[in-house]
Amino acid sequence: MRRRRQRFRRGDAVEVHWVDHTGSGGWVTDRDADISLTTIRSVGMFLRRDQRTTTIALSMDDQKPASKTNDRLTVGNTMIRKIRKLRG
């Protein structure tokens, strides 16, 4: 069953749970190496989503409509496990 894609508007406060890659350096055995993926929780204002990516911003100006953003995060949609609108 395919999940229905939730819709968000620009500026909506959202919480995104996504899987990130990890890496490490140093001489260790395979058994001692941490090769697991990490789940990240990011909170910001929804900017846009297309076929491949979703972008949120930590800061947005107070113009109506907002025209400038800062501290943006773009995550590949295949890595997103959950995204939800926050109350506000």
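Strands here are DSSP runs (E, at least two residues), numbered from the N terminus, and two strands pair if DSSP finds at least two bridges between them.

Residues are numbered from 1 along each chain as its sequence is written, and side-chain values use heavy atoms, with hydrogens and water left out. Because the model is predicted, local features need pLDDT of at least 70 and side-chain atom pairs count only at pLDDT 80 or more, whereas totals for chains, interfaces and linings use all residues.

Strand S1 (residues 13–20) pairs with S5 in the antiparallel sense over five bridges. Within this pairing, Trp 18 stands opposite Ile 80 in S5, and Val 14 has Lys 85 of S5 as its bridge partner. S1 also pairs with strand S2 (residues 38–49), again in the antiparallel sense, over eight bridges. There, Asp 20 stands opposite Thr 38 in S2.

S1 is largely enclosed by the rest of the structure, because six of its eight residues are buried; buried means under 20% relative accessible area, exposed over 50%, and partly exposed in between, with a 1.4 Å probe and protein chains only.

The largest nonpolar core has 11 residues: Phe 8, Val 14, Val 16, Trp 18, Val 19, Phe 46, Ile 56, Val 75, Met 79, Ile 80 and Ile 83. The elements giving two or more residues to this core are S1 and S5, and S1 supplies the largest share, four residues. Such a core is a set of buried Ala, Val, Leu, Ile, Met, Phe, Trp, Tyr and Cys residues joined through side-chain atoms within 4.5 Å. In soluble globular proteins, nonpolar side chains tend to be buried together.

Leaving aside neighbours within four places in sequence, Ile 80 is in contact (heavy atoms within 4.5 Å) with Val 16, His 17, Trp 18, Thr 54 and Val 75.

Asp 71 has a positive phi of about 55° although it is not a glycine. Asp 71 counts as partly exposed because its relative accessibility is 43%.
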